[in-house]
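Student: I would like to learn how to read the features of a structure, one at a time. Could we go through one together?

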Amino acid sequence: MDQKINTDFHKPPIVITGLALAVLTWVGDSVFDAVFLNRNGIINNLLPNEAEKIWTRIFTISIITGFGFYLHKLFSRIKKCHAKMEKATNDWAATFDAINDPVFIHDAQFRITRCNLAYQKAAGLHSKDILGRPYFKVYPKTEGCLKKCAKAAETWMAQTDEITIDDRVFSIRIYPARNLDENGISTIHIMNDITENKRTEATVKHQLELLKALRKIDMSINASMDLRATLEVVLDQITSILGVDAADMLLYNRVSQRLEYGAGRGFRGRDAEKASLHIAEGYAGKVALDGRTSCLPALKGITPEFVRQSLIRNEEFVSYCCVPMISKGDVLGVIDIFQRSPLDATPEFLDIAEAMALQAAIAIDNARLFNNLHRSNVELSLAYETTIEGWSSALDLRDKETEGHSRRVTELTMRIAREMGFGDEELLHMRRGALLHDIGKMGVPDAILLKPGALTQEEWDAMKKHPRNAYELLSHITYLHHAIDIPYCHHEKWDGTGYPRGLKGEDIPVAARIFAVADVWDALRSDRPYRKAWPVEQVLEHIKSLSGNHFDPKIAELFLKMQAQDMDGAAKPQTSD
């Protein structure tokens with residue numbers, strides 16, 4: 001270590017100290033003789049007695065000798081202090097040089113006064129070529145002193161700065177310090193290489209952005225079955241996270257065996273939307289068949305392998321990467337990634353692209369499953385409705401006199417229910433129940449059901465069993481549980497005199513109360529073997545008379561109001577423009 005602090009002191013050895021004491025004793029004795037014992041000396045005048053002179057001589061020599069021993073002890077202490085200071089200096093220097101981070105100290109003129117070995121190594125210079133030079137001309141080389149350095153000297157507060165040198169990032173901690181030798185200010189710079197920390201921070205930040213992107217895609221998949229919207233979210237994340245110029249999705253159509261445009265981002269024109277490639281055609285088809293990602297760092301000159309040449313000409317794409325979208329072993333399409341500059345397809349880049357492609361494949365698969373399930377539900381529901389209508393038609397065919405009754409009474413029931421504000425699902429169950437209101441008559445013998453005359457009491461008792469027959473038939477069909485109210489309860493009466501259970505008032509399901517009005521209206525307005533249809537006014541008067549005993553008063557009142565409105569509308573003369 002060439003940099004030393006001056007701690008040199010006079011260090012007399014013990015022999016020299018002894019000789020010095022002897023000389024002092026001799027000199028003291030001679031001085032005593034010359035000064036005190038000569039003829040005119042002080043002692044001769046004051047101490048005429050020879051014995052007193054001797055004791056005075058002994059006393060004087062003792063003082064001088066004692067002073068000599070004191071000097072010897074003083075020099076010994078100085079020597080020990082010097083040794084300690086030298087050891088402390090050497091320890092400090094060793095510690096200073098042992099610091100792994102580059103450290104240097106400069107004066108008020110920014111000249112380096114001291115630096116450790118790490119700084120010398122970082123600067124590539126020996127200390128003799130460093131000391132005395134302004135630090136910004138040594139390492140790191142800048143146009144002048146760091147701004148935070150000047151601020152530290154002004155505010156007398158520690159500062160932190162950051163600087164990049166040859167692709168390495170350093171955090172510089174700057175501490176102002178008092179220079180005791182020069183009675184000025186020195187500044188200590190500690191340089192910490194944080195390059196790896198910065199890289200790790202960037203990696204973590206990038207991974208966090210990726211997780212946020214995947215989370216956003218997950219939320220889009222869960223929140224909506226709109227496939228196009230989800231694909232656009234995926235493409236937004238791909239172009240953002242990967243930092244590419246454009247990307248599109250080609251979805252595989254199993255029927256036509258073609259890859260067809262699904263969505264795109266970052267294109268200047270609309271050429272990408274025209275894509276429709278056979279599954280065995282071009283790079284996209286190859287990736288779809290192989291199920292492996294493929295990248296082309298240079299698109300120019302690749303013909304006819306890259307069949308979408310218009311994208312190279314019109315969009316000026318230079319690089320290309322194609323990633324398959326695979327779910328449960330099935331290729332659902334590909335993601336095309338385009339760049340108008342060379343594309344650095346690192347393993348991390350490909351991992352992110354494939355993770356995004358997997359999310360897109362899940363979204364496509366979910367959408368297709370949902371669509372298939374929805375289609376199946378529609379088909380199943382249609383089959384149920386067709387079956388119910390078939391049963392209703394079969395009942396009408398069995399009894400020619402009531403043919404069309406089920407359809408008419410169903411329509412009227414639905415109309416009243418809509419007027420009362422019922423929702424679609426409730427209306428659906430009412431419709432099914434109305435169509436099947438007489439399903440229990442399948443258990444009534446034809447001799448009773450088709451008898452043209454009045455029924456005997458025994459026959460009437462058999463006829464009154466048809467609501468219970470309906471319950472026993474439909475209660476085992478889960479699909480029709482909510483539709484059973486009308487077939488089972490449409491003969492109950494508001495005053496409790498109906499059948500089969502004698503329910504009263506609001507204990508009767510509302511669907512059955514609505515249907516009861518519609519059923520009586522259609523029955524009285526239709527011909528029967530035993531009577532002709534009643535006039536409208538007579539039927540309306542009859543329903544009005546039964547309000548509060550047979551019918552729910554509120555429903556009867558609403559129905560009469562609806563009929564009055566219909567009659568008013570029919571009575572108004574037609575006008576022509």
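Student: Is glutamate 385 buried or exposed?

Tutor: Keep in mind throughout that this is a predicted model. A residue counts as buried when its relative accessible area is under 20%, and glutamate 385, with a relative accessible area of 11%, is therefore buried.

Student: Which residue does the side chain of glutamate 385 meet in a salt bridge?

Tutor: The general idea is to look for a side-chain nitrogen of Lys or Arg within 4 Å of a carboxyl oxygen of Asp or Glu. Here the partner of glutamate 385 is arginine 432, with 2.4 Å from N to O.

Student: How many salt bridges does the structure hold, and which residues are linked in a network of them?

Tutor: The structure holds 24 salt bridges, and a network of them links Arg228, Glu232, Asp236 and Arg265. Because aspartate 236 sits in helix α7 (residues 227–242) and arginine 265 in strand β7 (residues 258–265), the pair ties together parts that are 29 residues apart in sequence. Both ends are partly exposed: aspartate 236 has a relative accessible area of 33%, and arginine 265 has 27% relative accessibility. One further salt bridge is that between lysine 441 and aspartate 438, at 3.3 Å from N to O, where aspartate 438 counts as buried at 12% relative accessibility.

Student: How should I read the chain as a whole, and how many helices and strands are there?

Tutor: The protein chain has 19 helices and eleven strands, and 38% of its 577 residues count as buried. Among the contacts with a separation of 6 or more, 53% are accounted for by residues 24 or more positions apart. The accessible surface of the chain comes to about 33400 Å², and 55% of it belongs to carbon and sulfur atoms.

Student: Which residues have the most contacts inside the largest nonpolar core?

Tutor: A core is read by asking which residues join it and which elements supply them. The largest nonpolar core has 27 residues, and those with the most contacts inside it are Ile416, Trp521, Ile543, Phe551 and Phe559. At least two residues of this core come from each of α11, α12, α17 (510–524), α18 (536–545) and α19 (553–571), and α17 gives the most, with nine residues. Apart from this core lies another, of 26 residues, among them Val234, Val244, Met325 and Ala353.

Student: What does phenylalanine 551 touch, and what does threonine 413 touch?

Tutor: Leaving aside residues up to four places away in sequence, phenylalanine 551 touches Trp494, Ala516, Val517, Val520, Ile543, Leu546 and Ala556. Threonine 413 lies in helix α11 (residues 405–419) and counts as buried at 0% relative accessibility; with the same exclusion of residues up to four places away, threonine 413 touches Ile514, Phe515 and Ala518.

Student: Why do the buried residues of helix α15 line one face of the helix?

Tutor: An α-helix has 3.6 residues a turn, so residues three or four places apart point the same way. In helix α15 (residues 466–474) the buried residues are His466, Pro467, Ala470 and Leu474. They fall within an arc of 105° when seen down the axis of α15, so they line one face of the helix.

Student: Finally, where does the backbone deserve a look, and which residues does a cis peptide bond join?

Tutor: A cis peptide bond joins tyrosine 499 and proline 500, with omega about 10°, and proline 500 lies in the loop between α16 (485–489) and α17. Glutamate 316, a residue other than glycine, has a positive phi, near 60°; glutamate 316 is in the loop between α9 (309–315) and β10 (319–327) and is partly exposed at 47% relative accessibility. Lysine 328 also has a positive phi, near 55°, and its place is in the loop between β10 and β11 (330–339), where lysine 328 counts as exposed at 70% relative accessibility.

Notes: Residues are numbered from 1 along each chain as its sequence is written. This is a predicted model: local features need pLDDT of at least 70, side-chain atom pairs count only at pLDDT 80 or more; totals for chains, interfaces and linings use all residues. Side-chain values use heavy atoms; hydrogens and water are left out. Helices (H or I, at least four residues) and strands (E, at least two) are DSSP runs, numbered from the N terminus. Buried means under 20% relative accessible area, exposed over 50%, partly exposed in between (1.4 Å probe, protein chains only). Contact means heavy atoms within 4.5 Å. Accessible areas come from the Shrake-Rupley method with a 1.4 Å probe; for residues, only the protein chains shown count as cover. A nonpolar core is a set of buried Ala, Val, Leu, Ile, Met, Phe, Trp, Tyr and Cys residues joined through side-chain atoms within 4.5 Å. The arc is that of the directions from the helix axis to the C-beta atoms.
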